[in-house]
Amino acid sequence: MNHRRCIPALVAVAALGLTACGADPATGARVGSISTAQGWDAVVSAAEGQTVNWYMWGGDPTLNDFVNGYLADRLEPFDITINQVKVSDTAQAIDTMLGERQAGRSTDGSVDLVWVNGENFATGKQADLWACDWAQHLPNAALFDFGDPAVAMDFGVPVDGCEAVWQQANSALVYDSEALDESDVASVTSLIDWAEAHPGRFTYPAPPDFTGSMAVRTLLYDTIGGPDDLTGEFDESAYRDAVPALWDRLNDLEPALWRGGETYPQSQDQVEKMYADGEIDAYFTYGPGAVGDKVAVGVFPDSTREAVLAGGNIANNSFVGIPGNAAHPEAAMVLANLLQDPQTQLALYKAEGTYPGIDLARTDRATRDEFADVPRSPSVLPLERLLADAQPELAGAYVTRIEHDWKSEVLQR
Amino acid sequence: MTGLRAVRPRPVRLTRRRGGVPVALLLAPALTVVVVFFLGGISYAVAQSLGYQPFIGRHELGLAAYRDLAGDPAVRASFILTLRVALLGTAIAAVLGTSLALLVHRLGRGRRWAITMAQANLAVPHLVGALAIGLLLSQTGLIARLAHAAGFVGAPRDFPGLISDQYGIGIVAEYVWKETPFLTLLALNALGRGTAQLGDAARVLGARPWQRLRHVTIPAVLPPLAAGSVLVFAFAVGSYEVPYLLGRPYPATLPVVAYQYHTDVDLTYRAEAMAIAVLITALSVTALLAFLGLLGRIARRPA
Amino acid sequence: MSTAADRRTVRHLPLALVLAMLWAPWVPLVLRAFTDSWRFPAVLPERMTLRGFRTIAAPDSGVFEGLVLSLEIGIAVSALACLVGWPAGRALGTYQFRGRRAVQALLLTPVIVPALAAAMGLQILFVRLGLAGSPPGVMLVQLIPAVPYATSILAAGFANLDLDYETQARVLGARGPRRLLAVTIPLMRGPLVAAAVMAFLISWSDFLLALLIGAGQVKTLPVQLFAAVTATDTTVAAAVALTMVAPALLVMAAAAGPLARLSQANLGKGPL
């Protein structure tokens, strides 16, 4: 591990009684014995008066309100302030960190916490940008099963305590039930049939948009019968076997898409805006829980419904990571811990319909009941339905490659 | 535009500096800003485009980024789109601006309200313009809705795709919308200075309207209009938010691609981003030089 | 039947058309700011609302802070540009010296050549200096376009200034600072206001420089508007847009006189 990167994280880690960065080079990053109570208190007191510069995708007003309202209020007793830095793409946060690396700024970085997963996490990990070995020592780590691949791995990359679970994202198809009926949304094939019968009413954002990338992978899973052929590390020959049929299918689909597939929306936000304006009738989402709110305020029509297509939906956890050069790693850790608090998770579920990242089975009965009692919009699928056929993500290297090749095979063709 | 020496309102009486603060000292702060931040920044961008990355220990220089640019289909398409959008936006705004100026000028005494009407968009940020143009021209925009109400259009997709379109129509529309008032104002000022009397004189001497336009109006309006057009063109070449919001992912204009590469998590794209930024600079400098050359020719032409 | 009124209507039709074209985009923008649900193909909004403005007025929205930050940065840029542009304008507008043309050309280049390359080049240095992601950093890069504008406006003002007044004041014994305050500044009021307004508007409208140097951390109003426009809620975006236009129009209206004289001097506002 690069020692220079570790200096700021060292403060926090030392407070936790960890030795992540000062580890013996022979054995790598070793986590020392930790007296949790005392260590955590030290983190909390070091965090006092700090401001967490939290880089996160800022396209969701409800979530922004949650961050600057609920979370800010709960951090007040700790004398910690949140500065939410809204980015339209998490890659911008990674870019800021890389820029600081490039400029040789190894301490006092401008990013303290990043809402991250997948390829952005992998990029950061590859460049050794993250502070590591802290997530499993948060007090709320008890709410997770670290043996669960969904917690220990992030798009095929070992988490190694470099990021802490926050939310669960399950993909779903959002559609207007006045335009599509249930048989249309039964499977990918029926959806494509519907799209071909109603050209211009469906699209997906151009990858590398996070959701657009998922839409492409949803079709990939359907085309090759699930993710099984592509599990594990990136394998060139497996990849080459899998994708030609996908590109053919996506190119065949183009005439049925918005604008005849000659172009694609820039972002998921634009897709949702087109749905709100009645320009399209269906789209894929990673945030099915947030749809209820949009229907309630009238941005989406009341006839909005959700579906999981046959073959299942792609699911992942999203995390918060702390850069190695963060100026305020202690406050970032306090916030990360707060994010995992069952009451926070419940409040977020109520506000947004965001599914809990924590293992509910590890919470107390009262908490589980509270989750069960949260009223659900008729537009939104219940959690059980979303979890029933959840499919894992591919390794980040596959995802990056698919996004890259999509440009030349589909967009620029 | 005084500095471009397009037109001077009054002869300048320049005196030699006597005593007091030396001229160099008076100029120093402004020159510092321009030389250090502007020229310095551009030089540093050039250095980075050549692969100079001192903070991660890379000092060797090369033209790799420029070679990559030449071979990058996204950049080639982007270059053509950028030029087309900027030229088209500037040309249409110049024609509309001149027409509007002539129409307003003709109003005579009552033109004040019209000038105010034409000027209102001057202070509006392009970001706002991009949003408004999108709401007007998109396939679910106000015009599409009116077309639907009039029975021309059934579904949104029946309406021509003017936003996020292949040709950058939406981008051009925004530039025209925002820059027409600017060019109108320049043309109006040129018209206001003495052309009325000259025009009257020409009429008395029996010049036809076309001849008056050709020999009086156009020579008066052309230099400031050309100067303004260079500004508009250079702006359009370097604008980011308008093509991002009204354009499409591929092809995108040069600044959009430059920013995309600049923020790519793969740092090797940084040099390419800088190279695109240098290219944008070169384009606008070329426009400026072409304009200055043109102005020189006009000035030398016998009256 | 062709009456005089008819003929006048026909005569003014082209003018009305062009003006209507310039004003048309305001219609959907303003409607949208007060509309919740407006699905295709409804020509008029189905449901009016103040939700957009309520959202941005909420203490957590950050839009108000953005407004204040943009005002602060704008005023700082404006003041600095005038301070820096004043002596340079004086030198260029009043004195003949060797290399005057070259200096003039150099000072004008940033008016025409976009600051994109300069800002991209500077970004890494600013990161190193701790200026990236900070309001002073954004202010500094915004000076790149602001200073040349202010300088050229002030230079034009000085060129038109009747120096005899100053000489008179000197002869009557007014010392430097006194002369400046009592004679020169009042005489230069018009160009000074125009320069200040221009520099302010450059800062107020700037998005790209704030994005490159502010790195998302300096949340000026344009940065917030861009985020709102790219987000799903168009109602909020339109409301933020109107919030951003209002101060610019107010400043323009308040400085209408000096700006009009400025355009007489053939100094356009430029395509911000």
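Which residues of helix 9 (residues 176-187) of chain C are buried? They are Arg179(C), Val183(C) and Thr184(C). This is a predicted model, in which local features need pLDDT of at least 70, side-chain atom pairs count only at pLDDT 80 or more, and totals for chains, interfaces and linings use all residues. Residues are numbered from 1 along each chain as its sequence is written, chains are lettered from A and ligands numbered from 1 in the order written, and side-chain values use heavy atoms, without hydrogens and water.

View 1. Helices are DSSP runs (H or I, at least four residues), numbered from the N terminus. Pro177(C), Arg178(C) and Leu181(C) are exposed (over 50%) on the face turned away.

**View 2. Packing partners of helix 9 of chain C.** Its buried residues pack against helix 4 (63-94), helix 7 (135-160) and helix 8 (163-171) of chain C. Contact means heavy atoms within 4.5 Å.

**View 3. The interface of chain B and chain C.** Chain B gives 105 residues to the contact and chain C gives 102 residues. Helix 1 (residues 23-49) of chain B supplies the largest share of the side of chain B that touches chain C, 17 residues.

Notes
Helices (H or I, at least four residues) and strands (E, at least two) are DSSP runs, numbered from the N terminus. Buried means under 20% relative accessible area, exposed over 50%, partly exposed in between (1.4 Å probe, protein chains only).
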